[in-house]
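Me: I'd like to learn how to read a fold feature by feature. Can you walk me through one?

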Amino acid sequence: MKEEEVNRCQIQEWYPKFKSVSIKTQIHELPESFIQYLLDDSGPFLLPFSISNDDALPNRIHNPDEEEDYQVLEGSEDESEQPSPPPSFPELELKIKESIESLGCAVFPKMNWSAPKDSAWISTTGSLRCTSFSEIALLLRSSDTLIHDLCHAYDSCSDKSSSRPPSFFLALRKWYPSLSPEMEFRCFVRGQNLVGISQREVTTFYPVLLEKKDILEKLILQFFEDYIRLKFESENYTFDVYVTKDERIKVLDFNPWGAFTLPLLFNWEELEQNTRKEGNDVDFRIVESQCGVRPGLKTAVPYDYLDTAPGSGWDQFLRNADEELQQQIRSSGAGA
């Protein structure tokens, strides 16, 4: 893998070319001071001061007695004990506020390559849905996934010359609450040929995919030929798509071939050996029964939309799974 192949998969690189067939997105270059804020772990966890007076955790309970423990009395002789003021990024906050409003007042954030999916648990919604700069800062600052973008993006490159790109960007993508997780797919391109398609969310069996598999394969292959093949310069790569209810296709992301990209229902050795010729069927894999789920590959679809808040679909799924497990345990105990 070459650095240029990784660079092509940055959202600020590919989105302008595929804007007409993607979801609405606005992109901002991040100041270096904000990047250093995300990387700084030398002091307490501080959210930036908000000029809009937004609170990323509006429902948290404030305990004045506990907060007094962290206050330093006026006139303390030890200046080093004075708490550092929170950082402030007023210009960036204003730009982000304008973008959020223009995108329907709700977005999910993504940096050059990655979304802070591992920190969704800390938000008030249990997802990456954000309505303010403070909520975005909370997710970015809490994420370990983004350390890849910030420090390790080129670790798998044979011509690695740097540990990070010269600039970082924040993409704000319009939040669509009604997307169906079963309708996102990862497509694998080798030698500029589409050699494989995988269900993106592989922890669940969706009967509808069995019914629509042939139609979906034709739609995705035609989309690849019409919009992707001649416009994306790499020989080998993956791209994620979403199929809408009216059978339109939206490209969601591009990722490098191999390395940190999940092959989902394939393995990379299989894909390396796949030499599909033009006119042949694509190897299209879905979870075809309840026995075929991959519980170790929890990805949700689009993963950036994962919502595990009480009452959500994933919350209900996890509750049902837990109830089934407990029932099996009780049955085993009764038969012992």
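Me: Which residues of helix α2 are buried?

Reply: Two ground rules before that. This is a predicted model, where local features need pLDDT of at least 70, side-chain atom pairs count only at pLDDT 80 or more, and totals for chains, interfaces and linings use all residues. Residues are numbered from 1 along each chain as its sequence is written, and side-chain values use heavy atoms, leaving out hydrogens and water. Helices (H or I, at least four residues) and strands (E, at least two) are DSSP runs, numbered from the N terminus. Buried means under 20% relative accessible area, exposed over 50%, partly exposed in between (1.4 Å probe, protein chains only). In α2 (residues 11–18), the buried ones are I11, Q12, W14, Y15 and F18.

Me: What covers the buried residues of α2?

Reply: Look for contact, meaning heavy atoms within 4.5 Å. The cover includes α1 (3–8), β1, β2, β3, α8 and β7.

Me: In what order do β1, β2 and β3 sit in their sheet?

Reply: Two strands pair if DSSP finds at least two bridges between them. Here the order is β1-β3-β2, an open sheet with antiparallel pairing. β1 (25–29) and β2 (107–110) are the edges, each pairing on one side only. For β2 and β3 (residues 169–174), there are four bridges, and V107 sits opposite K174.

Me: And which order does the five-stranded sheet have?

Reply: That open sheet runs β7-β6-β4-β5-β8, and its pairing is mixed. β7 and β8 form the edges, with pairing on one side only for each. The twist averages 20° from one strand to the next. For angles, axes are lines fitted to C-alpha atoms (for helices over the stretch in contact), and values run from 0 to 180 degrees between N-to-C directions. Helix α8 (residues 207–228) packs on this sheet, touching β4 (184–190), β5 (193–199), β6, β7 and β8, and its direction makes about 120° with that of β6.

Me: How do I read the pairing of β6 and β7, and how many bridges are there?

Reply: Start with a general idea: in a regular strand the side chains alternate between the two faces of the sheet. β6 (residues 237–243) pairs with β7 in the antiparallel sense over seven bridges. F239 has F254 as its bridge partner, and D240 has D253. The hairpin has five residues between the strands, and E247 there takes a positive phi near 65°.

Me: Why is β7 described as largely enclosed?

Reply: Seven of the eight residues of β7 (residues 249–256) are buried, so the rest of the structure largely encloses that strand.

Me: What does D149 have around it?

Reply: Then check for a salt bridge, a side-chain nitrogen of Lys or Arg within 4 Å of a carboxyl oxygen of Asp or Glu. D149, in helix α7 (residues 146–151), is buried yet has no salt bridge, and K110, the nearest side chain of opposite charge, is 7.1 Å away. The side chain of D149 does reach the backbone nitrogen of W113 at 2.9 Å. Beyond neighbours within four places in sequence, D149 contacts M111, N112, W113, S114, P165 and F168.

Technical notes
Lys and Arg count as positive and Asp and Glu as negative; His and the chain ends are not counted. A polar contact is a pair of N or O atoms within 3.5 Å; within protein, one must be able to donate a hydrogen and the other to accept it, and residues adjacent in sequence count only if both atoms are side-chain atoms.
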